[in-house]
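These are my notebook entries on a single structure. I set down what I looked up, topic by topic.

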Amino acid sequence: MWKDLDISVVRCDSEKRKDKPDQKNLGFGKFFTDHMFLMKWDRENGWHNAEICPYQNFSMDPAAMVYHYGQAIFEGLKAYKGENDQIYMFRPEDNLERMNSSALRMCMPRIPVDKVLKGIKALVYLDRDWIPSGDGATLYLRPTMVAVEPALGVRPSSQYYFFVIMSPVGAYYAEGFNPTKIWVTDKYVRAVKGGVGHVKTAGNYAASIMAAEEAHRAGYTQVLWLDACERKYIEEVGTSNIFFKIGEDLITPPLNGSILGGITRDSVIQLARSWGVNVIEKQITIDEVLAAIEDGSLKEAFGSGTAAVIAPIGELCYQEKKHVVADGKTGELSQRLFDELQAIQNGRQDDPFKWIVRV
Ligand code: COI
């Protein structure tokens with residue numbers, strides 16, 4: 001439920017505005033813009049008090065349910081500055097719709113997509129000087145919903161905050177667009193069918209940290225998860241979906257209930273199909289992937305995600321054995337997908353799929 005949601009705007013005082021970071025050293029998610037979007041929900045009023053306000057701390061009761069039971073969902077999307085300073089966003093409605101799917105699974109309220117999109121566009125426009133331009137740098141938006149009712153019973157909260165913060169970012173991985181090294185774990189699992197792996201809830205990421213730390217200690221960029229039951233089918237990488245080009249086919253695991261349906265994943269599938277690539281969504285085991293590396297039929301492998309965009313994979317390590325993928329180099333298709341996606345996102349290229357929203 002939501003009443004007609006007006007959005008009020010309170011601008012940050014000019015003396016409180018922050019210095020903009022050096023565009024060459026943005027890293028990922030370290031700096032935050034001057035404003036944020038915030039709205040509140042409770043059972044009596046639905047969504048209310050929508051505002052664009054100065055970026056600020058929350059004061060929350062220590063009993064707020066999110067602190068105890070992790071009822072929290074989030075999204076990640078980006079705004080880009082193209083020629084003549086035109087601002088674009090990439091498939092924002094899809095992110096907001098996905099947030100509503102996450103909300104459903106986590107017993108949280110739906111957000112009004114049209115109204116929130118209107119608020120997000122106004123927020124991006126207000127902080128437009130924070131959008132970096134050039135060299136893959138973008139403005140990353142993080143819509144988030146958390147349970148704030150102070151109560152310790154395990155049940156849905158009756159009060160929520162929804163907010164959007166924004167961060168100018170560079171490449172997600174230190175490698176930039178250079179091939180990443182991936183650690184395949186069969187010791188830990190990410191998600192089971194019937195669980196919450198297919199939605200973007202905070203706990204999935206909290207649960208992934210230990211495996212990611214082991215991977216980092218061993219010198220690897222990210223973890224590749226296998227299915228939780230048989231520990232042999234490929235699922236996804238820590239922050240992205242995964243694709244393998246084997247022979248002439250581009251293969252990615254199907255969305256079978258434990259994998260997050262990435263919007264970049266969907267964009268890759270649509271783009272590659274439009275180029276005549278045979279994209280197949282099918283289960284593939286780690287042994288099949290390793291055999292394809294061995295016999296040379298695996299031509300390239302890459303991750304896809306909002307933060308990571310297209311992240312070529314140069315090496316897989318499984319059960320302590322290293323397997324170099326495609327000579328450790330970025331493949332032709334990975335490069336083409338990366339270039340094309342970036343060109344569409346920056347408004348430099350036709351947008352045949354109508355993915356771009358102008359701000
Ligand atoms: C994104 O790609 O937007 C993600 O959500 C990954 C993030 C956890 C870094």
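**Entry 1: Arg231, and how I read the model**

I began with Arg231, which counts as partly exposed because it has 15 C-beta neighbours inside 10 Å. The terms are these: a residue is buried if 20 or more other C-beta atoms lie within 10 Å of its own, exposed if 12 or fewer, and partly exposed in between, with C-beta atoms placed from the backbone. I noted that this is a predicted model, in which local features need pLDDT of at least 70 and side-chain atom pairs count only at pLDDT 80 or more, while totals for chains, interfaces and linings use all residues. Residues are numbered from 1 along each chain as its sequence is written.

Where does Arg231 lie? I found Arg231 in the loop between S10 and strand S11 (234-237). Helices (H or I, at least four residues) and strands (E, at least two) are DSSP runs, numbered from the N terminus. Arg231 is not a glycine, yet has a positive phi of about 55°. Most residues other than glycine have a negative phi.

Lys354 lies in the loop between helix H7 (332-345) and strand S18 (356-358). Is Lys354 buried or exposed? Lys354 counts as exposed, because it has 7 C-beta neighbours inside 10 Å.

Lys20 belongs to the loop between strand S1 (8-9) and strand S2 (35-42). I recorded Lys20 as partly exposed, because 13 C-beta neighbours lie inside 10 Å. Lys20 and Tyr173 are 153 residues apart in sequence, and their C-alpha atoms are 21 Å apart in space.

**Entry 2: Strand S10**

I turned to strand S10 (residues 222-226), where five of five residues are buried. On one side I listed Gln222, Leu224 and Leu226, and on the other Val223 and Trp225; both faces of S10 are covered. S9 and S10 run parallel and are joined by four bridges. (Two strands pair if DSSP finds at least two bridges between them.) Which residue of S10 is the bridge partner of Val184? I found that it is Leu224.

I consulted the UniProt record, an unreviewed entry, which places the feature "modified residue: N6-(pyridoxal phosphate)lysine" at Lys200. UniProt positions are given in the numbering used here, feature names are shortened, and annotations may be inferred rather than shown by experiment. Lys200 is in the loop between strand S9 (180-185) and helix H4 (202-217). Lys200 counts as buried because it has 24 C-beta neighbours inside 10 Å.

Leaving aside neighbours within four places in sequence, I listed the contacts of Lys200 as Ile73, Phe74, Glu75, Arg98, Ser102 and Leu260. (Two residues are in contact if their C-beta atoms, placed from the backbone, lie within 7 Å.)

Which residues surround the ligand? I noted Gly76, Tyr205, Thr239, Gly305, Thr306 and Ala307. (A residue is near a molecule or strand if its C-beta atom, placed from the backbone, lies within 6 Å of it.) By class, this shell has two nonpolar, four polar and no charged residues. Ala, Val, Leu, Ile, Met, Phe, Trp, Tyr, Cys and Pro count as nonpolar, Asp, Glu, Lys and Arg as charged, and the others, Gly among them, as polar.

**Entry 3: The two domains**

I recorded domain 1 (8-169) and domain 2 (180-344), with bounds that come from an automatic or database domain assignment. Their centres, taken over C-alpha atoms, are separated by 27 Å. The contact takes 19 residues from domain 1 and 10 residues from domain 2. On the side of domain 1 that touches domain 2, strand S4 (72-74), strand S5 (77-81) and helix H2 (92-105) each supply at least two residues. H2 gives the most to this side, with six residues. By class, this side of domain 1 has seven nonpolar, six polar and six charged residues.

Last, I looked up Gly314, which is in strand S16 (residues 309-318). Gly314 counts as buried because it has 22 C-beta neighbours inside 10 Å. S16 pairs with strand S17 (residues 321-324) in the antiparallel sense over four bridges. Cys317 stands opposite Lys322 in S17. The hairpin of S16 and S17 has two residues between the strands, and there Gln319 takes a positive phi near 50°.

Definitions and conventions:
Two strands pair if DSSP finds at least two bridges between them.
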